[in-house]
Amino acid sequence: MTNKNEEQDDFVVTSESTINPKVLINALNAHDEVIRLVKASTTKRNAPCSENISLFRDLLTDNKGETFFRQSNNANTATTSYWLSRIKYTAQLLLNLQDVPKYQPISTDQIYQITRMSPAPENVRLVSSALLSLGIILIFDEQLKGMKLDGAVFKLKSGHPVIGMTLRHSRLDNFWFTLTHELSHIHLHIDQLETPILDDFEEASTEKIELEADRLTKTIFVSRNEWRNCEPKYDLRREIVIKYANEKGLHPAIIAGMLRHELNRYEIFSDIVSEYNTRDLIFKHE
């Protein structure tokens with residue numbers, strides 16, 4: 001494991017630095033623009049100096065050509081950069097302050113077991129601890145104005161994977177799909193996570209890496225063979241959806257959400273998917 005203070009050192013540009021001056025100026029301008037936009041779009045406290053340094057470092061070393069974006073073209077990249085920098089900073093700080101186990105490859109069975117926490121809505125507050133015991137850091141941080149993001153996943157230099165979630169949609173089905181999708185990325189694509197993957201699930205993606213994570217996510221919930229002929233696909237009564245979810249060990253919101261998405265009928269089962277507000281469950285109990 002790397003020295004716990006290694007990634008927290010202040011970023012310093014010295015006379016021996018080999019940074020191109022144009023790159024440095026662009027990073028400084030981007031940093032100032034991000035801070036300006038953030039101040040205009042949020043009532044959050046001002047970021048401490050250490051967070052600003054982390055943001056500047058990220059902007060300076062960012063290679064946008066390698067970042068995996070499942071985002072709309074009009075997403076506010078400045079506030080997204082700031083949000084991602086906050087997630088990175090908080091994850092490294094947590095790693096410094098807690099004895100987090102070394103990450104061992106997460107199996108599909110372990111992801112399956114995490115999703116089977118879903119029948120009790122209040123378990124959304126316990127997922128972070130469950131994942132931390134596996135060496136995975138989960139951080140919730142509400143999105144800023146202009147952002148269009150559900151989640152992100154990357155890994156620290158220590159090898160610990162980090163999941164960030166905005167909870168921009170407070171429905172239970174969105175919570176569990178986002179979480180399971182990011183865990184699927186960790187299982188499938190851990191070697192590629194030096195570069196963050198940013199996910200906006202309102203945008204359809206044809207990227208192989210996203211299709212693979214989508215496919216595994218759905219399989220974790222219900223196998224493809226079972227889903228193909230399951231009763232709720234042919235009988236949309238509320239009681240049938242609830243019965244099938246109980247049989248699968250899932251909250252009914254997950255099955256309802258899968259049906260809404262597959263049938264492109266977002267008017268159905270609104271009462272099931274919106275019964276609980278995940279932002280209230282998490283942020284109001286911190």
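Predicted model: local features only at pLDDT ≥ 70, side-chain atom pairs only at ≥ 80, totals over all residues.

1. Leu281 is found in helix H12, which spans residues 278–283. With a relative accessible area of 14%, Leu281 falls under the 20% limit and is therefore buried. Setting aside neighbours within four places in sequence, the contacts of Leu281 are with Pro121, Val124, Arg125 and Tyr276. Leu281 also lies 6.5 Å from Glu122, C-alpha to C-alpha, although 159 residues separate the two in sequence.

2. The pairing of H6 and H10. In general, two packed helices are described by the angle between their axes and the distance between the axes. For H6 and H10, the axes come within 8 Å and cross at roughly 85°. This angle lies in the range of 65 to 115 degrees, so H6 is roughly perpendicular to H10. On the H6 side the contact is made by Leu172, Asp173 and Trp176, and on the H10 side by Ala253, Ile254 and Gly257. By class, these residues comprise 4 nonpolar, 1 polar and 1 charged.

3. The pairing of H4 and H7. Helix H4 covers residues 108–115 and helix H7 residues 208–221; their axes come within 9 Å and cross at roughly 60°. H4 and H7 are therefore oblique to each other. The crossing of these two helices is right-handed. From H4, the residues in contact are Thr108, Ile111, Tyr112 and Thr115, and they meet Leu216, Ile220 and Phe221 of H7. The residues of this contact divide into 5 nonpolar, 2 polar and no charged.

4. Leu211 in H7. Helix H7 also holds Leu211. Is this residue buried, exposed or partly exposed? Its relative accessibility is 35%, and Leu211 therefore counts as partly exposed. Not counting residues up to four places away in sequence, Leu211 touches Ser205 and Thr206.

5. Positive phi at Leu167. A colleague checking the backbone may wish to inspect Leu167, where phi is near 55°, a positive value in a residue other than glycine. Leu167 is placed in the loop between strand E4 (161–165) and helix H6 (172–189). Its relative accessible area is 3%, so Leu167 is buried.

6. Positive phi at Asn264. Phi of Asn264 is likewise near 55°, again positive in a residue other than glycine. Asn264 belongs to the loop that lies between helix H10 (252–263) and helix H11 (270–273). Which side of the burial scale does Asn264 take, buried or exposed? With a relative accessible area of 58%, Asn264 is exposed.

7. The chain as a whole. The secondary structure comprises 12 helices and 5 strands. The chain has 286 residues, of which 49% count as buried. Its accessible surface comes to about 14,500 Å², and carbon and sulfur atoms account for 49% of that surface. Among contacts between residues at least 6 apart in sequence, 76% join residues at least 24 apart.

How values were computed: Residues numbered from 1 in each chain as written. Heavy atoms only, no water. Axes fitted to C-alpha atoms, helices over the stretch in contact; angles between N-to-C directions. Helix = DSSP H or I, 4+ residues; strand = E, 2+ residues; numbered from the N terminus. Parallel < 35°, antiparallel > 145°, perpendicular 65-115°, else oblique. Left-handed = near helix turned anticlockwise from the far one by under 90°. Contact = heavy atoms within 4.5 Å. Nonpolar A, V, L, I, M, F, W, Y, C, P; charged D, E, K, R; others polar. Buried < 20%, exposed > 50% of the residue type's maximum accessible area, 1.4 Å probe, protein only. Areas by Shrake-Rupley, 256 points an atom, 1.4 Å probe, with all protein chains shown as cover.
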